[in-house]
Amino acid sequence: MSAHSASPESRSAARPGDTRSTLRPAAEVMDLPRLGSLYPFRLSFMRVLVRRIMSEKWRIERTLFELDSEGYGTAIYEIGTPNGIYSFVAFAHYVEPERRSDRVIADRWDMTATLCEGRVDDEHLTMLRENVPLQEAGRIDARSIVLSRANKSVRNFEYVVNELASGRQPSYENLAKVGYLYRTTAVYGSGKFGMADWRKVRSRHKDFGRPFAAEMFMCYMIRQFSLEQVDHLAQRRAPGSAVAMQDSIKRYFGIGNATGLGMAPFLVHHPLLIARWVEIRETALARVVEHGAVNPDYVATLTVLVTKAMQHLREIATDNVEQHALNVTTIEQLGVVLSWIESNQDISSWQFFVDHAARHWGIETQELLHSLLMELYPELTDDLEDQMCVDEQYSLVPDELLSKLKDDIETHYGWALAIDFSSVASQGSFWYRSREKLEPRLGQSNVDAGEDKAMRLDVARSVRRCHDLIASHIAEHGDCRVALFALRQPAMRSILRRIQTMSRTTYGDIHANLMDIDVFPIHLLRCKLSFFGVSKFDPRSRMWVRNTMFQGAPIAADIGDPFADDWCFPVMPGRNEGETHDSGSAD
Amino acid sequence: MLKRSFEGLGFNQGDYEDTASAALWLECHGLGGLDTVRRAWPRLQKHTQLSVALVTESPGSAVLDAGNASALICGQIVADLVCSYAGPASTGRVELRSCLDCDAVLPAMVSCAGRGFNVLAQWNDQRFVCLAQIDAHAAYPLFERYPATGAVPETPSALVVAWRPGALAAQDLAETGIAAPGNAACQARITPDEFRDRYDGAVMHGLSIDTSTLAILTAAADNVLVEATERSRQGAGE
């Protein structure tokens, strides 16, 4: 992509907050199916992390690589940043094929790893070796920031090792269906199992002081390890004939990920954070739509990006019928988009373009186009990457009058009040934690066991109850301050805090009844994953999804080279008709 | 973990959030939050439904009766109420009677300060009298402990006063009924800077928990878990 810049006029006008009038309304943006149609964008956490790694020239150095001829053993990488030193410590294990599982309830994995602050001495390594492979069953300390594990894509892994051992490079075609060697099955942070609390990470480790930055880096390092492990294995198997994998092929490998229901409660438990992420995304979009200069160069670049995105979607292999149909439809509509652009070279504004998209194309296509539009104007968007954090305080506004709160509920939670909770379907599901590793599961009301232990994810129903109690209270006792109502109705304290806090945000809560019998949890997963920056969503059911992280991103060897930051929507090298050069630096 | 433990005891959502938060605050600031939980456990098991009675209410003040519940669970109620009573130029004042573990008033005071109130509090636990003060928007309070003198009250109680900065003249503070901190008889004193250091230490190095307390908390937390079955595994998308 060529380096465009906004006009001086638009740049001077592009200030946070200027775009409030053009932000899309919450009713549109927070609708769950739309959130479930989001695509990664410039401010997704992986993109931000890679920009940081490349601009600050992080040093990633292998300091220990004691793997045997089967690839099992220990590896340590030292990471140097402008702010500190970290260690990525990985243990590669043998796993009986019948015990390999991506489910959270598994207890053996092909590799386990942790990201620690500082250097690791022998004593520390011994402790990690005893605990990291146990994952949830182990105990580590506050020097660790992230804990994770991953399983091999056995077919890909063996194919790649065999090819390299035979002196051949793996072919892109054979890698197209599964673009990774390993897939992570859990990535833990934020104080779990004795690890550093988020407060420590945010205050002491500036490099990872953005949401999920450390977790994303862990995945990046697992990818790096996987690429070096296959080189090592090939060399050990055939020292005379083996070749190292070419960097251009390495870049095409991402790291796989399997995400299940565990991610869904996070979005309900952290509404302020989610509302902030959405607001930042929408602010970036609004800046582009409002201030992004439209000229033939930008239109041409958008055409290249649309073409690349079409190819990216074509290369997604999914057995999920619904997702496949969505991808096909989106590809078709992107073809129409290209024709429309061709016949509307005199596009007057991006507002005109997105309005046309909203009227004529599906929400997947719309949201994809929004992500692509943001690619055009890094100077209008990238400063927002520092604003993804929020101090999550949910406080009562105790002196507010109850009548005012009732009005606020009707204004900001009209979507919840519109749900008919007398219908059986509206309360047909419940969420609970299984004794198997606390795994969140979805049950059917009045059918499955555990309803009495349901997780408190019923935001919409709680809002309804709260609103009704407030109305009754006002009718019986007159108006009063919220603090007094909370004293009389202590069971409402949590939802009161939530309502008052979220009513003061631009986007508020996600508009969804998660208790509905037809709830589609995968929308929640995809929403969060899009902010992570993953691609190639491959739903395995309505409750879990496989996807790919960092595919197309620079590898460690690229650090220090010129970086175009154009690795979004990765495609097989040479397959993007609109592109003028390969992504990443030359080999 | 703490939240899940109190949820497992049967607390309402707001109550388990507040109780866990108060216990964690005390632990992170070196005031034995986990020990308090351990000591209070029988009462926490008994008082799973928060029931704080409004004894009297007058403009700007109220008297509450906690019925011998722990301040871990009801401290935040006091914070919310006292802030609602404090007017632009007047104090809010809440007395909480029959309340145990009153050190848990401290995190409630921090929450008032976060909303822009100066707060002064005093409580007795029949052996000591404690004073605490925090300025509006400050993160850490001043805490002092004195030996109890005179008649020992029948049950512990706490008095919390809050006001907007500038809303109260210094001489009016005397009318709050709370002694000014800094008395020579003070047995123990923790300054805001010391609280900050304790908190930073906890964040830096983490917290430890003894195995018996962990076992109690884990057993309670287990109450929210549902036995796994083949059918339930389908509920994870298998």
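This report walks through two protein chains, from overall build down to a few single residues.

## Before you start

What you see is a predicted model, where local features need pLDDT of at least 70, side-chain atom pairs count only at pLDDT 80 or more, and totals for chains, interfaces and linings use all residues. Residues are numbered from 1 along each chain as its sequence is written, chains are lettered from A and ligands numbered from 1 in the order in which they are written, and side-chain values use heavy atoms, with hydrogens and water left out.

## Chain A as a whole

Let's begin with chain A, which has 23 helices and eleven strands. Here, helices (H or I, at least four residues) and strands (E, at least two) are DSSP runs, numbered from the N terminus. The radius of gyration of chain A is 25 Å, close to the 25 Å from the globule rule for 587 residues, so chain A is as compact as a globular protein of that length. That radius is taken over C-alpha atoms, and the rule is 2.2 Å times the number of residues to the power 0.38. Along the principal axes, the C-alpha trace of chain A spans about 90 × 60 × 45 Å.

How much of chain A is buried? Of its 587 residues, 61% count as buried. The cut-offs go like this: buried is under 20% relative accessible area, exposed is over 50%, and partly exposed is in between (1.4 Å probe, protein chains only). Chain A exposes about 21900 Å², and carbon and sulfur atoms supply 50% of that area. Accessible areas come from the Shrake-Rupley method with a 1.4 Å probe; for residues, only the protein chains shown count as cover.

Now for contacts, meaning heavy atoms within 4.5 Å. Take the contacts in chain A between residues at least 6 apart in sequence: 76% of them join residues at least 24 apart. As for charge, the mean positions of the 68 positive and 79 negative charges of chain A are 4 Å apart. Lys and Arg count as positive and Asp and Glu as negative, while His and the chain ends are not counted. Each charge is placed at NZ of Lys, CZ of Arg, CG of Asp or CD of Glu.

## Three domains in chain A

Chain A splits into domain 1 (8-30 + 271-384), domain 2 (46-260) and domain 3 (392-532), with bounds from an automatic or database domain assignment. The C-alpha centres of domain 2 and domain 3 of chain A lie 39 Å apart. Their contact takes 13 residues from domain 2 of chain A and eight residues from domain 3 of chain A.

## Some residues of chain A

Look for A:P40 in the loop between α3 (32-35) and α4 of chain A. With a relative accessible area of 13%, A:P40 is buried. Which residues does A:P40 contact, leaving aside neighbours within four places in sequence? They are A:S371, A:S530, A:G533, A:V534 and A:F569. A:E158, on the other hand, is 118 residues from A:P40 in sequence and 30 Å from it in space, C-alpha to C-alpha.

A:K57 sits in the loop between α4 (45-56) and β1 (59-67) of chain A. This residue is not a glycine, yet A:K57 has a positive phi of about 55°. A:K57 counts as exposed at 52% relative accessibility. A:S190 is not a glycine either, and has a positive phi of about 50°. You'll find A:S190 in the loop between β6 (180-188) and α8 (198-204) of chain A, where it counts as partly exposed at 42% relative accessibility.

A compact globule of 238 residues would have a radius of gyration near 18 Å, and the 19 Å of chain B agrees with that. The C-alpha trace of chain B spans about 70 × 40 × 35 Å along its principal axes, and buried residues make up 53% of the 238 residues. The accessible surface of chain B is about 10100 Å², with 51% belonging to carbon and sulfur atoms.

Finally, find B:V203 in helix α7 (residues 192-205) of chain B. Buried or exposed, which is B:V203? At 10% relative accessibility, B:V203 counts as buried. Not counting residues up to four places away in sequence, B:V203 touches A:R199 and A:K200. Within chain B, B:V203 and B:C28 are 175 residues apart along the chain, with their C-alpha atoms separated by 7.7 Å.
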